[in-house]
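Have the sequence and the 3D view open side by side as you read.

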Amino acid sequence: MRTSATARRTALAVAGTAALALSALTTAAPANAGPSVPARGGTSWVRACDTLAHGDTVACHALRVTSTVEPVAAFGVSPHLTPSGFGPSDLLGAYKLPANGGAGTTIAIVDAYNDPNAEADMAVYRSQYGLPACTKASGCFKQVNQSGGSTLPANNSGWAGEISLDLDMVSAIAPNAHIVLVEASSATMANLGTSVNTAVGLGAKYVSNSYGGGESSADTSYDSAYFNHPGVAITVSSGDSAYGAQYPAASKYVTAVGGTALKRDTSSRGWSESVWLTNASEGTGSGCSKYDAKPTWQKDTGCTKRTIADVSAVADPATGVAVYQTYGGSGWAVYGGTSAAAPIIAGVYALGGAPSSGSSPASFPYAHTTALFDVTTGSNGSCSPSYLCKAATGYDGPTGLGTPNGTTAFKG
């Protein structure tokens, strides 16, 4: 089983890096980032973590835009100015979410390696947008290793971008929540899975995971060892490599989160969304699992096993979110990737209230399908049946049941 996982995850990393090599537009990036990718309107970006994926490791799904012209000072807070990219008020408005939510909840973020500037960078983001402080000293923020201890893993500039993105998105959606950042020793499923268990053990009822790799026959054992936590909402990004299933998004125990392009418009909502796709090898992930069983609440008929995704949120780097990162970054930046969508949805679950003991939070949206914005345009590739890669009325692979329209779909 390990050989299968190694081969497929290595192939995914090589394919992603090769596709990115098609671009000619690059700017300074972390040493482990891939070449920059051009997109609509001249936007370009780099994958933060892909070149770290080898053997049994997975990659994070964070994409850092390299072509942003910031209207704010590169470092620190700029009062009365707004950084590029969507900020908290944009996200809350687009998804009809209440402000100042999250009190009494604990959201965990699971990532690999250490960001030594995580707390300080999050403080700048929160201050820029007028959000309440969340610090270690106050007990609001914890940063621990995969066993829950204080000795943190090696620093890594690529995963630091992922960590900043995750912390900022949780802050944007649920600013009054407590946050636990659990840092795995390396980007293996065993270490990241152990981190999920630690997060739950520390009391988190919402756990965000923004990483993945190719499927393998070992995945069902990972399911039972790391992701089977009744009463806990575990969100996982679906991937940034367009059509094709990834793990752990394929786990039947998690909420698989796809990605959209989010734009302002003149509709009554004020926003529109479509499937995020940049090119044949970069866009939101979706697909039919080869190994994971279909959960009972998922009723689509074109895949006998688990279908990805369940719900979605903004992920297109061309319509990306504001992030503040100084370790491996240059202060204010714009990020995309389904790494943005997973912590957003974890935050929405927290706004919806604690899942009941023994419940399966991944099933909640399926019981409230009308409480979501249905995404009906766009695709992330070619497939059969077509709904696995093409948006449609109702359920489809790339965006699942849709994006949040308030919190109702994320309540038990």
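**Starting from helix H3**

The buried residues of H3 pack against H2, strand S6 (141-145), H4, strand S7 (178-184), strand S19 (321-325) and strand S20 (331-336). Before going on, some ground rules: this is a predicted model, where local features need pLDDT of at least 70 and side-chain atom pairs count only at pLDDT 80 or more, while totals for chains, interfaces and linings use all residues. Residues are numbered from 1 along each chain as its sequence is written, and side-chain values use heavy atoms, with hydrogens and water left out.

Helices (H or I, at least four residues) and strands (E, at least two) are DSSP runs, numbered from the N terminus. Contact means heavy atoms within 4.5 Å. Buried means under 20% relative accessible area, exposed means over 50%, and partly exposed is in between (1.4 Å probe, protein chains only).

So which residues of H3 are buried? They are Ala118, Asp121, Met122, Val124, Tyr125, Arg126 and Gln128. An α-helix has 3.6 residues a turn, so residues three or four places apart point the same way.

Take Arg126, which sits in helix H3. Arginine 126 is buried, with a relative accessible area of 2%. Leaving aside its neighbours within four places in sequence, arginine 126 touches Leu131, Pro132, Ala133, Cys134, Ser171, Pro175 and Ile179.

Now look at both ends of H3. In the loop between strand S5 (106-112) and H3 you'll find tyrosine 113, whose phi is near 65°, a positive value in a residue other than glycine. Tyrosine 113 is buried, at a relative accessible area of 18%. After H3 comes glycine 130, and its phi is positive as well, near 70°.

Two packed helices are described by the angle between their axes and the distance between the axes. Here the axes are lines fitted to C-alpha atoms, for helices over the stretch in contact, and angles run from 0 to 180 degrees between N-to-C directions. Helix H3 (residues 118-128) packs with helix H4 (residues 157-173) at an angle of about 40°, the axes being 10 Å apart. That makes H3 oblique to H4; angles under 35 degrees count as roughly parallel, over 145 as roughly antiparallel, 65 to 115 as roughly perpendicular and the rest as oblique. On the H3 side, the contact is made by Ala118, Asp121, Met122, Tyr125 and Arg126, and H4 brings Ile163, Ser164, Leu167, Asp168, Met169, Ser171 and Ala172. Sorted by class, the residues of this H3 and H4 contact are seven nonpolar, two polar and three charged. For these classes, Ala, Val, Leu, Ile, Met, Phe, Trp, Tyr, Cys and Pro count as nonpolar, Asp, Glu, Lys and Arg as charged, and the others, Gly among them, as polar.

H4 also packs with helix H7 (residues 338-352), at an angle of about 30° and with the axes 8 Å apart. That makes H4 roughly parallel to H7. Glu162, Leu165, Asp166, Met169, Val170 and Ile173 of H4 meet Ser339, Ala340, Pro343, Ile344, Gly347, Val348 and Leu351 of H7. The contact of H4 with H7 has nine nonpolar, two polar and two charged residues.

Most residues other than glycine have a negative phi, and most peptide bonds are trans. Alanine 242, in strand S11 (residues 241-243), has a positive phi of about 65° although it is not a glycine. Alanine 242 counts as buried, at 2% relative accessibility. A cis peptide bond joins isoleucine 308 and alanine 309, with omega about 20°, and alanine 309 lies in the loop between strand S17 (305-308) and strand S18 (311-314). The bond from serine 384 to proline 385 is cis too, with omega near -5°.

**Stepping back**

How many helices and strands does the chain have? It has seven helices and 22 strands. Buried residues make up 62% of the chain's 412 residues.
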